Amino acid sequence: MFPLTVLALGLAVMIGDGACSYVSICFGRNQPENANRAVGSAVTLSVLVGIAAAVLYAVFQMPLLTLFGATEANFGYAKEYFTCITIGIPIYVFGQAINPIIRSDGSPQFAMFSMLAGAAANCILDPIAIFVLHWGVMGAAAATVAGQVITAAMGVWYLLHTKVLRLKADDFKLRGKILGAYLPLGLCSFLAQISLVIAMAATNNMLVRYGASSKYGADIPLTVLGIVMKVFQIIISITIGMAAGCIPIVGYNYGAQQLRRCRSVLWRLMGAEFLLGVLALLITQLFPRQIIGLFGSESELYNEFAVMTFRVYLCMLPLATVNKAAFIFMQAMGRPVESAFFREVLLAVPLVMLLPRAFGLMGVLYSMPVADILTFFASCFVLLRTDRQLRK
């Protein structure tokens, strides 16, 4: 179910992040009518896309379950969970699409609180549904959907109590010109989500193939890299949060032609992201055994590979944080071409397929830092060119 949830999230953030960037630029240009129309159409589009995704999931339920690894032993549980989650997909897409729009209206605290409220409800309801009501797998899915309902309901409430936006019934029409203005800006967010699934699939395939012929076997590399990627995702989530928080500020000032302010935000953001990467690098390089211990203690061979993976796979974290922030900044300035450069497919996937041929299992670990280094050159080119344009 994870890949299908990521796909739904990718569609949601393409709509929401694109609208957020465009709305901020419209406010800066003093074009409130276009901002209102963008938000209204984003609401309508998110509902339609969510319903379409749910219908497709329901129609192709059996082949999808088989495709993503359901076996005879767990097929009943998988079908039960899948059915409930599918019902909640329209709610999930709407809630995730509205959240960035709330930020663009000048309410980042409310946007954060709505997400936290949904997550807290999920955590509270999970044990109740599973252990108290004895709903089993269905209970876990129901708790997830309940959390999504809370986040979406808070989004609906906010649309009725906006700060700057003034939505009318006519704004909810789908207009090709408006859609064409903001959907390309959200393409980077969509590709980032989809490419993550593709990159992980390619990486896992190589880990099994080359791990089986190493002293670690296939299971240890798969397990360890899964844990390392969870740690990496925490770091990147903070990176994205810092950069996404700048989207309304950058978009507004860029639309208002306050280019000095945009330039100031650019380098302050890059500096903060680099420091975040350095701090994360120090923690992962100095305390890999302690971090892996949080996820359970295994054999000495397991710990050996875990320490090596943390130190090799994550050795370019300062570059990774800057890369991610750089292309989100381009998105905020309304530049879809620059923001659509995404490492996971353009670099990470080819590298993880090619490097193991020369370096075996270690080639899989080398693929991440090499991709970060190559992407950093592209980031520097884009950032320096943007800096020159903002100075002019």
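This is a predicted model: local features need pLDDT of at least 70, side-chain atom pairs count only at pLDDT 80 or more; totals for chains, interfaces and linings use all residues.
1. On overall dimensions, a compact globule of 392 residues would have a radius of gyration near 21 Å, and the 22 Å of the protein chain agrees with that. Along the principal axes, the C-alpha trace spans about 65 × 55 × 30 Å.

2. Burial and contacts next. Of the 392 residues, 52% count as buried. If you take contacts between residues at least 6 apart in sequence, 81% of them join residues at least 24 apart.

3. As for the surface, the accessible area of the protein chain is about 17900 Å², and carbon and sulfur atoms hold 69% of it. The chain carries 27 positive and 17 negative charges, whose mean positions lie 13 Å apart.

4. Now the rings: the count comes to five aromatic pairs. One of them is Phe 110 with Tyr 158, a tilted pair at 5.2 Å centre to centre and 40° between the planes. Phe 110 sits in helix α5 and Tyr 158 in helix α6, 48 residues apart, so this pair ties together distant parts of the chain. Tyr 158 is buried, at 4% relative accessible area. Ring pairs also join Phe 110, Trp 157 and Tyr 158 into a cluster.

5. Have a look at Tyr 216 and Phe 305 too: their ring centres are 4.8 Å apart with the planes at 55°, so the pair is tilted. Tyr 216 lies in the loop between α8 and α9, while Phe 305 belongs to helix α12, 89 residues away. Tyr 216 counts as buried at 11% relative accessibility, and Phe 305 counts as buried at 0%.

Conventions. Residues are numbered from 1 along each chain as its sequence is written. Side-chain values use heavy atoms; hydrogens and water are left out. The radius of gyration is taken over C-alpha atoms; the globule rule is 2.2 Å times the number of residues to the power 0.38. Buried means under 20% relative accessible area, exposed over 50%, partly exposed in between (1.4 Å probe, protein chains only). Contact means heavy atoms within 4.5 Å. Accessible areas come from the Shrake-Rupley method with a 1.4 Å probe; for residues, only the protein chains shown count as cover. Lys and Arg count as positive and Asp and Glu as negative; His and the chain ends are not counted. The place of a charge is taken as NZ of Lys, CZ of Arg, CG of Asp or CD of Glu. Rings of Phe, Tyr and Trp (its six-membered ring) pair if their centres lie within 6.5 Å; planes under 30 degrees apart count as stacked, over 60 as edge-to-face and the rest as tilted. Helices (H or I, at least four residues) and strands (E, at least two) are DSSP runs, numbered from the N terminus.
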